[in-house]
Amino acid sequence: MLKALYNPARSRFTAALVIVLLGVTSVSQIANARPAPESFADLAEKLLPSVVNISTSQMVAERQGPDFQFPPGSPFEDLFKDFMDRNGQGGQGQGQTPQQRRATALGSGFIISADGYIVTNNHVIDGADEITVRLHDGDTLPAKLIGRDPKTDVALLKVEPEEDLPFVNWGDSDHSRIGDWAMAIGNPFGLGGTVTAGIISARNRDINQGPYDDFIQTDASINRGNSGGPLFNLDGDVIGINSAIYSPSGGSVGIGFAIPSAIAQSVVDQLKEYGRTRRGWLGVHIQTVTDDIADSVGLDKSTGAMVAGVSDDGPAKAAGIKQGDVILSFDGKEVESMRRLPRIVAETKIGKDVDVVIWRDGEKKTVQVELGELEEDVVATSAEPGEEQAPVAIAEAEIKPLGMKIANVDDELRRRYNLAEGTEGVIVTEVNGDSYAAEKGVRPGDIIIEASHSSVSTVEEVSDAVKKAMDDDKRTILMLIETSAGPRYFGLTLNKED
């Protein structure tokens, strides 16, 4: 599993194992690579004073007494309460008086200015009411939290030194290459000032930790307590913040992940200036362009980010971006995949007029968007499911080429699938388990909104759209479907044998 690199009592990271196949470096790249250093000693000696140990503490509730209760009204309730009170364990609950204890955690950080600004991970200081920084020479200083960004797991601290502190500079992680040497310094298991070296094993890793995942992978040995510590290149510049490892045992197995400086530096600059991040906002819900979707909209390859929804009050809506558009480039930067777009938008200056190249109706178009500011996320919660209703016979149409049955939404279907009052349209009532639709994730209760870029509200309209796609000898049909996770486009393969 992926683990945060600090005291496990404070770890909040969870993620799935990332499995990848790595390509082979070309001969020309090997020829141009920097030779291995004879020693890292000079570099380590120079950089060690700028890396710090970070300890945090917070008060947490700790249950006392046995972990059981007698039911209210039990003849043993009063007797048990008297016993606990006599032994100094009475109070709230039956023998379960909350006690306060101070929990501590350890991590790493690095100094980025002589006047005491220090960078670390958000998960190192999250929830702490006291933060202490231990310098390389052994001095300790209380630290103030300037700002933090959970989405990128970056935090900025400030100490007040009596004299200037040694500091390090940011490097450009975008220029780092797979196979380059890298050196990590940190506080693993509380052993401060630990230096390890390795190479950059991979780049652009998505480990499911946030919307802007773009991690550097390294085999430099990093462990619990290294969180927040720097990953250096051979010039002594910070190219990453060590944040997580993959480990089945809890120790290093040579797979560590660092937040690239290309992301971290801009976040730190905003935290320093505003105390929070200020990110660009486009106002779209996007999804991956699969091969099937690319084929159904006429793209030569699966690239870009497909617009599955547009916010009514967002910049995209004002600029004329629509559901079904595929965003190919933003502000001159190519959108190779869906994951790339959120980072590009977030890093673009708020209020800037941006050219956005989209794919619509089989051709490229350019629209101009005035970028807004991303506000705090609002998490939508689903309604509690109602009581199950006895199934009743409902007229349905079977769409054999898609392996599903559909029906017009009525009161009975709203109750059966817990749909909002007033929901209209065409609902999926059955999906064959071996169909392409099932393989793509279409489920009973999903609502079909569009078929082949046309709005549909009746079974007949869906059937006609499928028939036309088959008559036009289409291999796939593009459908916009409202799922439990929101609207998504599906490129559904048509089974022409049916």
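A salt bridge here is a side-chain nitrogen of Lys or Arg within 4 Å of a carboxyl oxygen of Asp or Glu. The model is predicted.

Start with Lys-467 and Asp-471. Their closest N and O atoms are 3.0 Å apart, a salt bridge. Both residues sit in helix 11 (residues 459-471); they are four residues apart, so about one helical turn separates them. Lys-467 and Asp-471 are both exposed.

Next, select Asp-292, Asp-295, Lys-440 and Arg-475. Salt bridges with shared partners join these residues into one network.

Now zoom out to the whole protein chain. Show the secondary structure: eleven helices and 29 strands. Of its 498 residues, 45% count as buried. In total, the structure holds 19 salt bridges.

Select Asp-325 and Arg-360 next. Their side chains meet in a salt bridge, at 2.7 Å from N to O. Asp-325 is in the loop between helix 7 (315-319) and strand 18 (326-330), while Arg-360 is in strand 20 (residues 353-360); the two are 35 residues apart. Are they buried or exposed? Both Asp-325 and Arg-360 are buried.

Last stop: Glu-430 and Lys-405. This salt bridge spans 3.8 Å, N to O. Glu-430 belongs to strand 25 (residues 426-431) and Lys-405 to strand 24 (residues 404-408), so the pair ties together parts 25 residues apart in sequence. Glu-430 is partly exposed, at 35% relative accessibility. Lys-405 is also partly exposed, with a relative accessible area of 25%.

Technical notes: Residues are numbered from 1 along each chain as its sequence is written. This is a predicted model: local features need pLDDT of at least 70, side-chain atom pairs count only at pLDDT 80 or more; totals for chains, interfaces and linings use all residues. Side-chain values use heavy atoms; hydrogens and water are left out. Buried means under 20% relative accessible area, exposed over 50%, partly exposed in between (1.4 Å probe, protein chains only).
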